[in-house]
Amino acid sequence: MPGLFKNQRSSMNGTGRNDPCPCGSGKKYKHCCARRENPATAQPDEVSGLLQAALEAHKTGQQQPAESLCRRVLQITPDHPDALHLLGLFARQAGNHELAVELISRAAERHPVAPFFFNLGNAYQALGRMDEAVASFNRALALNPGYVAALNNLGIALQHQGKLEEAINAFRSALALQPGFAELYSNLGDALRENGQLETAAECARHAISLNPAFFNAHFCLGKILHEQGHSPDALACFKQALTLNPGHVESHLAACSTYFAEGRFTESREHIERALQQEPDNPEAWAALAFFRKMTPDDEAWVTKAHALLAGKLKPREAIQLNYALGKYYDDTAQYAQAFPHYAEANRMQTQINGAFDRDNHQHLVDSIIAAATPAAMRRHNAGASLSERPVLIVGMPRSGTSLMEQILASHSKVHGAGELRFWSQAATDHFASVSCWSDDAALLSELAGRYKAELAQHSPDALRVVDKMPANFMNLGLIHAAFPNARIIHMMRNPLDTCLSIFFQGFSGQHPYANSLEDLASYYRTYRQLMQHWRSVLAPDIFLEAPYEALVEDQESWSRRVVEFIGLEWDENCLNFHQTERRVGTASNWQVRQKIYKTSTERWRNYQTFIEPLLPLLEDTP
């Protein structure tokens, strides 16, 4: 169920003249930025009185009188900036964000002050126009560098763009100016979560809750972090608390749906989708999620009609992305391939706009440097500080290559625990790249990493003889992993390159996979993956490195399952043949598929789309 966790952060809104100033000074707006930054607000008594009356009418819910009073000001003083600004705020609060942009833009042109640019950024943000939102927040900060609310909302907009490091810096800058602000800690935690820094993210979310236990968004944020850490019961408790504090919080229903889905508890998952739709009958993400509970059929005509109607409306980019992926799945499920591919292509085009382009040259340079460092001599060397434990089992390969299926088979063994996709080695390689690039002469570092990894595996299972880490991208880190755990077993899942790349393109991965949204980028990334795997094949001993073809596994499950169980040093367990009955968390896009019996319809799937995937076709020619 791709992208179901909505990245909701706490935006800070524009204020009326009697409300607290959003710059964080603690003064009322009319005594702070309105006076300091806008000397023109020293109005004639009539205009000032009309504006004050407009604000009072708005506060009491009298929208039409409030707008009429502002228009009277504009009759007296055409293009009066405060009147335009207030009308823009009224329009934004009424959901007319295009009109808000038009009015507040005119106000900012007339009088360029920080609060006007701040609220212009909010209007752009509501429309999903993040480039313009970022530019507006930066204009506000250029005029008032201490504008805490602008720093916060800038961080949110940057996170929507996939610029996570910049977003984290914006939130930290805001906290430096206003420590003790629960909303900022929650937002920082969410950005850290998306950046893979889960432990630090959890600390931020918990601190936000300690500062304001009634702040529902902090509980929601912590729940998302715990979900990604594999702590589903605790995550669900957080979502329940968020819904207790805010029963109408649709995003908590969507998040609970995703967590139950990962647990294989599809009934509870579906219930939360239905409750979300009760709150918001036209919620695009909830409608999109319905497509992923089962294989769609032509009888789902009502669903597809509604999905198209929602897609034709005014949606935020991420909502349109989810609906396009869902419609692609519907048409794929119903064998209408010519209708499916354009929806997938549009979703990926929009993803690229958010995540940015994949840097092929930089990635090729990284792969070349890994190969240069992991020489045969380096890989044969016994490293002081390494652990001789045989407990870790690493399943690696491209995403969508069968890694979840292999883990589910092994995790059905009574002496094996499946820990899911652990980010440990990716984070270690990022944190210590300069030290680990020589695979590694630093005995203290290897000892530390080995100890921490064993502790993480113990958190997932204290007593299983083998613990499976099925992070596919660990194929980038096998040199470091082998240096720290020379006896760890490594299983490389291989699948037809066209089926693999097409499945990735159809999946809706997050910004952690920037190569996934372009067929050309996918082809380039796959070639570097194949280059690196050929190297590992040449330098890793066959007693710790096994390659398992996905197609062979689904054709003869028992033979390959027996072979893999023997490879990891265990006796055969008949439960491995009934993997689809194993109840466990599967926190990946395959969590529905791996609970079904082996099926072969996923092989040679690319032939349905052959006319659309020309950039991928040479990969098949290059496959031995």
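Phe216, His219, Phe220, Leu222, Gly223, Lys224, Leu226 and His227 in α12 meet Asp234, Ala235, Cys238, Phe239, Gln241, Ala242 and Leu245 in α13, where contact means heavy atoms within 4.5 Å. By class, this contact has nine nonpolar, four polar and two charged residues; Ala, Val, Leu, Ile, Met, Phe, Trp, Tyr, Cys and Pro count as nonpolar, Asp, Glu, Lys and Arg as charged, and the others, Gly among them, as polar.

The model is predicted, so local features need pLDDT of at least 70 and side-chain atom pairs pLDDT 80 or more, while totals for chains, interfaces and linings use all residues. Residues are numbered from 1 along each chain as its sequence is written, and side-chain values use heavy atoms, without hydrogens and water.

**Exercise 1.** Describe how α12 and α13 pack.

*Step 1.* Helices (H or I, at least four residues) and strands (E, at least two) are DSSP runs, numbered from the N terminus; here α12 covers residues 216–228 and α13 residues 232–245.

*Step 2.* Their angle is about 165 degrees, with the axes 8 Å apart, which makes α12 roughly antiparallel to α13, a term for angles over 145 degrees. Axes are lines fitted to C-alpha atoms, for helices over the stretch in contact, and angles run from 0 to 180 degrees between N-to-C directions.

Terms used. Angles under 35 degrees count as roughly parallel, over 145 as roughly antiparallel, 65 to 115 as roughly perpendicular and the rest as oblique.
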